Amino acid sequence: MEVLFWILVFIVFYAYLGYGILLYFLVQLKRLFTPSKKLTDETPYEPTVTLVVPAYNEEDFILKKVENCLQLDYPKDKFEIIFITDGSTDRTKELLEQDGRVKVLHEDRRAGKSAAENRAMKFVKSEIVVFCDANTLLNKEAIRELVKHYRDPKIGAVSGEKRIMTSEAEGASAAGEGLYWKYESALKKMDSEMLTIVGAAGELISFRTSLVQDLEEDTILDDFMQSMRIALKGYRVIYEPKAYAMETASADVKEELKRKVRICAGGWQSMSRLLPAFNFFKHPLLTFLYTSHRVLRWSIAAFSLPFIFILNIFLLKRGWFYQVLFAGQVLFYLMALIGWYLQSKKIKVKVLFVPYYFTMMNYAVFAGFIRWLKGSQKATWERARRATT
């Protein structure tokens, strides 16, 4: 029982902190033997690019998004912008057509983001395709920062960075989400330098058009599946934080939980469809990164937490050390509970953000697992309410 307890503790520690620490030292070791090659801006690399923006019921933001796309710094004769509004029931399509400055694809059928992207790809003739969400704003240099990496024929995809716009007045959802993405960004930088990232940002992701393949229409995490299948072909998927997509945080933890449950259900679906990624003998480094960064968080680590708590109860008689550990767990979950209560009352206490968000994220793994087993998580998504800035 004691051995099992410490194995589970190690799994949780490794999944959330230990992997980052180990990866940091591995990256430092790699730098000693293989100095990184810096890209030069002396001769700009300007392949043809198509920006595809799936937009479902985004009438309140869509024209602002168009303006943002048109202001991107890239040669107009090599850059095409396509909005695909399949299934939209508001004025998104009409507003885009009235504006007239971007290409609009639409059909009344709503089959989800993957189906829309599959259809949009039939109209993409460029060397590089970039996908970004309709509720985000890109920095002016985003396209150039993404495509400069494609000089290297080994690069199959380049992910931008997701940035959460928060303010001091926002609560646990915004603060927790922002902190989480800062940590994720640091991990992705190291994953990318080590070999390849194992979790592209769907808010801004680019691919070599020739490598993009149609996904199953019920795919929940389209960006993740597409990038992992490209990595399994032997190409690198890298991270470029100088290209970023900005969006506001979820309006509250309820909205963020809804999004997290969907992601976790997609994680279980992805793991079941990416079995070749577990073949350590064929893809040793990719399997290590994928298992450490994604699989443990989406499965074993979250399921370890309740067992750690229960086993700790049985180990209380072993001495004061286990009693302290148990008291620490009780305090942590109590802080999470208080954080949940205060959030419902719109009261902000920063010290409670981390335990609250951490507990919510791990609960989402269980809820996502149940949805995946039942097959109740649809590929279509419900438009989440976002915080205002």
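User: Happy to start with a helix: what makes the span of α10 agree with its number of residues?

Analyst: Helix α10 covers residues 300-314, which is 15 residues. Helices here are DSSP runs of H or I with at least four residues, strands are runs of E with at least two, and both are numbered from the N terminus. Before we go on, a word on the source: this is a predicted model, where local features need pLDDT of at least 70, side-chain atom pairs count only at pLDDT 80 or more, and totals for chains, interfaces and linings use all residues. Residues are numbered from 1 along each chain as its sequence is written, and side-chain values use heavy atoms, with hydrogens and water left out.

User: Where is the kink in α10 centred?

Analyst: On Pro306, with a bend of about 25°. The bend at a residue is the angle between axes fitted to the seven residues ending there and the seven starting there.

User: And which residues of α10 are buried?

Analyst: Ala301, Ala302, Ser304, Leu305, Ile308, Leu311 and Asn312. Buried means under 20% relative accessible area, exposed means over 50%, and partly exposed is in between, using a 1.4 Å probe and protein chains only.

User: How does the span of α1 compare with that of a straight helix?

Analyst: Helix α1 (residues 2-33) spans only 41 Å between its end C-alpha atoms, whereas a straight helix of 32 residues would span 46 Å. There is also a kink of about 65° in α1, centred on Tyr14. Tyr14 is one of the buried residues of α1, as are Phe5 and Val27.

User: Why is α1 called roughly antiparallel to α9?

Analyst: The axes of α1 and α9 (residues 284-298) cross at roughly 150° and come within 9 Å. Angles over 145 degrees count as roughly antiparallel, under 35 as roughly parallel, 65 to 115 as roughly perpendicular and the rest as oblique, so α1 is roughly antiparallel to α9. The axes are lines fitted to C-alpha atoms, for helices over the stretch in contact, and angles run from 0 to 180 degrees between N-to-C directions.

User: How do you know that Cys69 is in no disulfide?

Analyst: A disulfide is a pair of cysteine sulfur atoms within 2.5 Å. By this rule the count comes to zero disulfides. For Cys69, the nearest cysteine sulfur is that of Cys132, 5.2 Å away. Cys132 is likewise in no disulfide.

User: What makes Lys76 exposed?

Analyst: Its relative accessibility is 53%, so Lys76 falls in the exposed class. Lys76 sits in the loop between α2 (62-70) and β2 (79-84).

User: Last one: why does Met361 count as buried?

Analyst: Because its relative accessible area is 13%, Met361 is buried. Met361 lies in helix α12 (residues 353-374).

Key
Expected span 1.5 Å × (residues − 1).
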